Amino acid sequence: MKHVEGTILGAAIGRRSFLKGSAAAVIAAGLGSSLCESQPAVADEKKTGASEDIVKPGTCRGGCGAGCQMNVHVRDGKIVKTSRRKQSDPDVTRVCNKGLTHALRVYAEDRLKYPMKRVGERGEGKWEQISWDEAITTISDKWKEVAEKHGPRANGFLCGSGNITPDSQHGKRLCSAMGATLLDAAQDRVFYASFPPIVGSFKGAGGGGRNDLKNAKHIFIWGFNPSEGDSQTFHYFLRAKVEHGAKMIVIDPTFTIAASKADLLVPIHPGTDGALALAMANVLVNEGLAKEDFLKSDTVAPCLVKEADGKYLRLSDIGKATVGAPEDKCVVRAEDGSLGALGEVANPVIRGTFAIEGIEVRTAYDLLLERVSEWTPEKASEICDVPVETIRELAHLVQDGHNSVNIGLGLDHVTNGMATFSSILSMCMIAGQYGHPGNTAKGMFRGEISIGWMPYGLANPKGAPGSQVFYSPALLNCMESKKYGDKDINIKTLYIWDHNLFGTQVGGVRWRKFLEDVELLVVADVVSTSTTNYADIVLPACHYFETETASGDDTRYVFHNAKSAEPLYESKSDFDIFKMLFEKMDLQEYDFKDIDELMNAVFDNPTAKKINLTWDRVKEEGSVLTFEPDDRVMGQEGTYGTPTGRLQFYQESIPLDTDYGQTIDFMKERLPYWEPPMEAWKENPLAEKYPLVFTSERSKYKVHTQYTRVPWLLEFEDEPYVAVNPVDCEARGIADGDYIRMFNDRGTCTLRVRFNNGIRPGMVVIDHGWDLDQFVDGFYCDLLGYNVTPVVANSYYFDTLIEIEKATV
Ligand code: SF4
């Protein structure tokens, strides 16, 4: 396998020299050393503003999701430091260690300075500086040639989360204007796809504010570590525990910081969380703890389902409404056998099988119970490696009082993730945990006003040919057939921006194979990465403090991001780069004149208008609080944002986000179930060769591969390591601190091992976010499986089996 040994800046950093060089030396050598304070300041605006610095508002907006607004301190035109920026809500007046290092990121040693074209082999690291005009002309000429020869879909675009603002996402609009192909990295699609059809809100959090945690008696943290994975939320959990007496239950195969605060820790076998949830449901039902009144009033439990096709019996089926009319509601049955519409029968039955006008039907709850009945605590205990008594205890806790069940991304990284979310949410319905302060079952993010991503309408302008969307993990599975559903896979050019593809996606080696057919690979980024090193043309994007925009990813605020300094060297904003490309492609009719026109369009929607949220106001006020307080409760009004207005443990129709010719068992997908992960399962014959489950966790020092070369953060951890239980190491003659090789049929990766008794035997955990050249050899992303499931094409990072051995370095 060939690997990049240099950076495109000419100051080569080989694997070993990188590891051996101290972070302090890197600071001294870098431009950043003369421009930054020796220590980051954490102070409020008044104190910092009293210095000679000009203080501008900026937001940390790269993939973390917290989206903290901060002070950007500028002296003599240079950004010298960042600090916490005061908001009206003290809970949002926060910044983490990473956010305090932005000055080092702006003046990073590996910052890209000017457009370059490759002169050696792909990945060899040989470059030649070119002008912006040459770069843009080369790209646009190739796009036109490819569109002429292969059709516009043969030009591909791929955007990541390196800068989540509408201006940086402007390339999606160009993609649509060109009628090109948009590759979606499909990261956490299971998480985003699961909640809306079941509980009716995006990210599962539309109705459950973090402040509501204080009303919970028990707080479940299931499959994530908010201390690192949702760091601006963790204090809500701790406050609920310390000040309000909530008990914290953590279900996680690893001993995380959150786990260290738990009253009850359940170190479950990875990939078995759905089985645990179904067994908890089994206990609730069999011990008479199911909240039947709630099931009748808030869920689809009384709906009658037709045996023939799995669809709900509707009033039109019995001649009482016109098919498809608004009044064509689901039919429910009263105790006395009379029929009526859902919500209009006072005490509907939720159990039973009936023949209604010759149509065989069964209640949706009966169907759920059929699935739940097979999951006895004893059976689940074997699979999950959780004692039967603990399963019973969890079931009793989850229905005792008003409880908050918080579900994280760890569960969506396994191929059975969709069914796992469905199982947990359905179990919470049986426990009655919705609709009252303190008891929401929801996803880890709040996801309120999110203006980070390019709004759909803006990404697809009227009159444009429109993009063709491919989900990349599914794409990697279709490479032999060159068909994605009924569409041809024929990508001849690829433009990647705000994304380190090799550092964050599954199927690393497969991606390199895919790129062999790509005639032009363009990568725009702020700094050198393993992906820019593979490009044919590299474009230097500016840091987001060097351009103006608004953001508001995961707070209740919309924040102004001022331009704090001029773009360094020849770098340009993504918006300006795309503007040049719009022009060269003669597609200006779809472009925005400037940032003001774009941002005015972003705020031109009914939600913004209702709260008088305008771009002018954002600029003038610096930050706008969009609503308060933050203690809303999902379903408190007795209705949910689903098609039935109820919590839907039963799915009448299965929304598909990808059609690549897969076969779907609709009856299976309509209800919760558990089946093993496709690869990472002990009974998989592959486990004999590769017995360990490979997983990763969010680092304190990185967000994806952002911050991965920040000198201050490298002082804490200067090389990658993998945490493994000593039992697994000792069985292989590996000592703590040894270099080991992780490997499977897809790839290999050499790095140090750290013994960790908090990791379950049989699995390994790496701090997510290192880039390729930081390893002694190989790369951990190359190990990752790229299986996809029929319903959602997701990146299943944890569905990977490996073996480890001692390495000689
Ligand atoms: S990395 Fe996340 S938590 Fe840290 S400052 Fe940036 S947005 Fe906030």
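Leaving aside neighbours within four places in sequence, Tyr 365 is in contact (heavy atoms within 4.5 Å) with Val 285, Ala 290, Leu 295, Ala 301, Ile 350, Arg 351, Ile 430 and Phe 649. This is a predicted model, in which local features need pLDDT of at least 70 and side-chain atom pairs count only at pLDDT 80 or more, while totals for chains, interfaces and linings use all residues. Residues are numbered from 1 along each chain as its sequence is written, and side-chain values use heavy atoms, with hydrogens and water left out.

- The largest nonpolar core has 77 residues, and those with the most contacts inside it are Trp 222, Met 280, Tyr 365, Tyr 434 and Phe 649.
- Helix 11 (residues 273–286) gives the most to this core, with nine residues.
- This core lies between domain 1 (210–443) and domain 2 (686–806), because both of them give residues to it.
- A second, separate core has 60 residues, among them Leu 494, Ala 535, Tyr 660 and Cys 729.
- A nonpolar core is a set of buried Ala, Val, Leu, Ile, Met, Phe, Trp, Tyr and Cys residues joined through side-chain atoms within 4.5 Å.
- Buried means under 20% relative accessible area, exposed over 50%, and partly exposed in between, with a 1.4 Å probe and protein chains only.
- Helices (H or I, at least four residues) and strands (E, at least two) are DSSP runs, numbered from the N terminus.

**Domains**

- The protein is divided into domain 1 (210–443) and domain 2 (686–806), with bounds from an automatic or database domain assignment.
- The centres of the two domains, taken over C-alpha atoms, are separated by 33 Å.
- Domain 1 gives 19 residues to the contact, and domain 2 gives 19 residues.

**Aromatic pairs**

- A search of the whole structure finds 30 aromatic pairs.
- Rings of Phe, Tyr and Trp (its six-membered ring) pair if their centres lie within 6.5 Å; planes under 30 degrees apart count as stacked, over 60 as edge-to-face and the rest as tilted.
- One of the pairs is formed by Trp 375 and Trp 674, which are edge-to-face at 5.8 Å centre to centre, with 85° between the planes.
- This pair links distant parts of the chain, 299 residues apart: Trp 375 is in the loop between helix 13 (364–373) and helix 14 (377–384), and Trp 674 is in the loop between helix 25 (666–669) and helix 26 (686–689).
- Trp 375 and Trp 674 are both buried.
- One aromatic cluster is formed by Trp 143, Phe 157, Tyr 495, Trp 497 and Phe 578.

- Thr 101 is in the loop between strand 3 (78–84) and helix 4 (102–106), and counts as buried because its relative accessibility is 3%.
- Not counting residues up to four places away in sequence, Thr 101 touches Thr 82, Tyr 707, Val 710, Trp 712 and Leu 713.
- Ala 608 lies in helix 23 (residues 606–610) and is buried, with a relative accessible area of 2%.
- Not counting residues up to four places away in sequence, Ala 608 touches Phe 603 and Leu 613.
- Val 753 is in strand 30 (residues 748–755) and counts as buried at 0% relative accessibility.
- Leaving aside neighbours within four places in sequence, the contacts of Val 753 include Val 722, Val 724, Cys 729, Ile 734 and Ile 740.

**Positive phi**

- Most residues other than glycine have a negative phi.
- Glu 357, not a glycine, has a positive phi of about 50°; Glu 357 lies in the loop between strand 14 (353–356) and strand 15 (359–363) and counts as exposed at 60% relative accessibility.
- Asp 498, not a glycine, has a positive phi of about 55°; Asp 498 is in the loop between strand 21 (493–497) and helix 19 (501–504) and is buried, with a relative accessible area of 11%.
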